[in-house]
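Please read it alongside the sequence and the coordinates.

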Amino acid sequence: MITFFSEQHALHAPEFEFFRGERVPCFESPARAVFVRQQLLARGHTLREPDADSRPVLAQVHTPRYLAFLERAWSDWMALDPANCARQPFPSVWPVRTLRSDVEPLNFTARLGLYSMDNGSPLCAGTWAAAKAGADAAVSAVGLLGAGERGVFCATRPPGHHAGADFMGGYCFLNNAAVAAQALRQQGCDRVAVLDVDYHHGNGTQSLFYDRSDVLFVSLHGDPRTEYPFYLGHADETGAGAGEGFNLNLPLPAGSPACAWFDALEVACARMARHGADALVVSLGLDTFAGDPISTFALKADDYSRLGQRLAKLAVPTVFVLEGGYAAAELGVNAVNVIEGFEQD
Ligand code: OKP
Ligand code: ZN
C-alpha cells in the first residue's frame, strides 16, 4: 500500500510530559514513526513524501485564530524570553464554564490554555511543521483515492483525533482524520464514514462532525468514565440537528478482551454499511495493543491483520491515518499488519 511519510514528523520532539505529577519522557515520540517506517520498508511498501498543501482544508476544519496561534506559538513563546528555547510551554489556566473564550487574551499562557483541553500536549519548536506535514499527508492520500487507489496509509505523527476546531489536546494539534474526511467531501464524495479504533475516544473528530449527516463518526474506545478524554465518548452521544443518528460511540470497559472489541467492531461495520459511504477514513490508533503502556485493551499482533481484513470487506476506498500506539517497538508490526490484512482480502 502506498504510504505517505514525512521526515518532518521528527521536528515534533518535546522532551517530557506530566504523568501522575511527575515529568516523564513523552509516550508520543519520534521513535514511533521510525519503527513504522522501518517495518513498511522491510515488508516492501512504498513511501512517498506528502505532495499536497492542506491549508485550504485546514481552514474548513480549524478556526482561523487557532491556526494562527498554533503556527506562531513557538516564536511567541521565544519572544517572551530567549531562555524559553530550552523550556516547554504548558497551559496552567483554562476558560471553563462561566469564563469567556470569545476574547483572546494577550498573555501567552492564557492563550495556550484557551486553545488546549489538557496539559498533556507539550509544544516544541517543530510542532507546527510536523503537524502540518501530517495534514498534508491526509490531503495527499485523498488525492490518491480520487486517482483510483483502494487504500492509502498516512504514517504520520503527532496524532490528530483529540484536536477540535479550536483546541489541541491528547498529543494532537491538527485533526488529520477530519482533514481527510473534509477533503473527501470536497473531492465529491457525498457520504464519508470515519471509524476511530484508537483506545481513546476521538473527541475532536466527533465534535467537528456532530451536527452533520454527510460524515458518519463511529468510535470504539475505552469507557470515558474511567479513560481519557473523560468528558466525551459516551453511548448516548448520537449527533445533533441534521447530524442526529450520525454519531455512534461504542465504549468498552477498561480491560475488555479482544473478543468484546471485535464484537463491537461488527456493530460499527454494520452501521457504516448502512451509511453507504463513498469513502472511509480510519483513525488507526494501535494503543488497543496488549502491550500498550497507557491503555488496557488486549489485542495481539494477529488481531491487527484481522482488523484490516474486516475493513476491506466494507469494499470502500479507505484512508488509514495513524493515531496513537505507544508500545513503539511493536507499532510497526501492528500497523503494517492492518495494512496487509486490508490488501490481502
Ligand atoms: C492520545 B491518543 C499522561 C496521560 C495520558 C492522554 C492520552 C492521550 C492519548 N499524562 N494523556 O488518543 O492515543
Ligand atoms: Zn489513543
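Helices (H or I, at least four residues) and strands (E, at least two) are taken here as DSSP runs and are numbered from the N terminus. The model is a predicted one, in which local features need pLDDT of at least 70 and side-chain atom pairs count only at pLDDT 80 or more, while totals for chains, interfaces and linings use all residues; side-chain values use heavy atoms, with hydrogens and water left out. Residues are numbered from 1 along each chain as its sequence is written, and chains are lettered from A and ligands numbered from 1 in the order in which they are written.

**The sheet**

Two strands are said to pair if DSSP finds at least two bridges between them. In general, strands of a sheet pair through backbone hydrogen bonds, either parallel or antiparallel. In this model, eight strands form an open sheet with parallel pairing, in the order 4-1-5-10-9-6-7-8. Its edges are strand 4 (47-48) and strand 8 (247-252), each of which pairs on one side only.

| Strands | Bridges | Facing residues |
|---|---|---|
| Strand 1 (residues 2-4) and strand 5 | three bridges | T3 and F153 |
| Strand 5 and strand 10 (residues 318-322) | four bridges | F153 and F320 |
| Strand 6 and strand 9 | five bridges | L195 and V282 |

F153 therefore has bridge partners in two strands, with T3 as one partner and F320 in strand 10 as another, if strands are taken as the DSSP runs defined above. Along strand 5, G151 and F153 point one way whereas V152 and C154 point the other way, and all of them are buried (under 20% relative accessible area, where exposed means over 50% and partly exposed in between, with a 1.4 Å probe and protein chains only). A193, which lies in strand 6, also counts as buried, at 1% relative accessibility. The C-alpha atoms of A193 and D214 are separated by 8.2 Å, although these residues are 21 residues apart along the chain.

**Loops beside the strands**

Is A147 buried or exposed? A147 sits in the loop between helix 5 (127-146) and strand 5 (151-154), and with a relative accessible area of 66% it is exposed. T46 belongs to the loop between helix 1 (30-42) and strand 4, where it counts as partly exposed at 46% relative accessibility. Between the C-alpha atoms of A147 and T46 there are 17 Å in space, for 101 residues in sequence, whereas T46 and E17 are 29 residues apart in sequence and 33 Å apart in space, C-alpha to C-alpha.

**The zinc site**

Which residues supply the protein donors of the zinc ion (ligand 2)? Donors are N, O and S atoms within 2.8 Å of the metal (3.2 Å for Na, K and Ca), and since water is not among the atoms, sites may look incomplete. The protein donors are D198 (OD), D198 (OD), H200 (ND1) and D287 (OD), at 1.9 to 2.8 Å from the zinc ion, and the donor residues are spaced D-x1-H-x86-D in sequence. D198 lies in the loop between strand 6 (192-196) and helix 7 (203-209), and D287 in the loop between strand 9 (279-284) and helix 9 (301-312), so that the pair ties together parts 89 residues apart in sequence. D198 counts as buried at 0% relative accessibility, and D287 likewise counts as buried at 0%.

The angles among the six donor atoms of the zinc ion (ligand 2) run from 52 to 158 degrees, and the site is irregular. For reference, ideal angles at a metal are 109.5 degrees for four tetrahedral donors, and 90 or 180 degrees for six octahedral ones.

Strand 2 (16-19) pairs with strand 3 (residues 22-25) in the antiparallel sense over four bridges, and F19 stands opposite E22 in strand 3. Two residues lie between the strands of this hairpin, in which R20 takes a positive phi near 50 degrees.

Strand 2 also contributes three residues to the lining of the largest pocket, which is the largest share. A pocket is an open set of points on a 1 Å grid over the protein atoms alone, with protein on both sides within 12 Å along at least five of seven lines, where a 1.4 Å probe fits, and lining residues have an atom within 4 Å of a point. The lining comprises 45 residues, among which M117, D118, Y228, P229 and Y231 lie nearest the centre of the pocket.

Note on methods
Four donors count as tetrahedral if all angles lie between 85 and 135 degrees; four count as square planar and six as octahedral if opposite donors are over 155 degrees apart and all others between 65 and 115; anything else is irregular.
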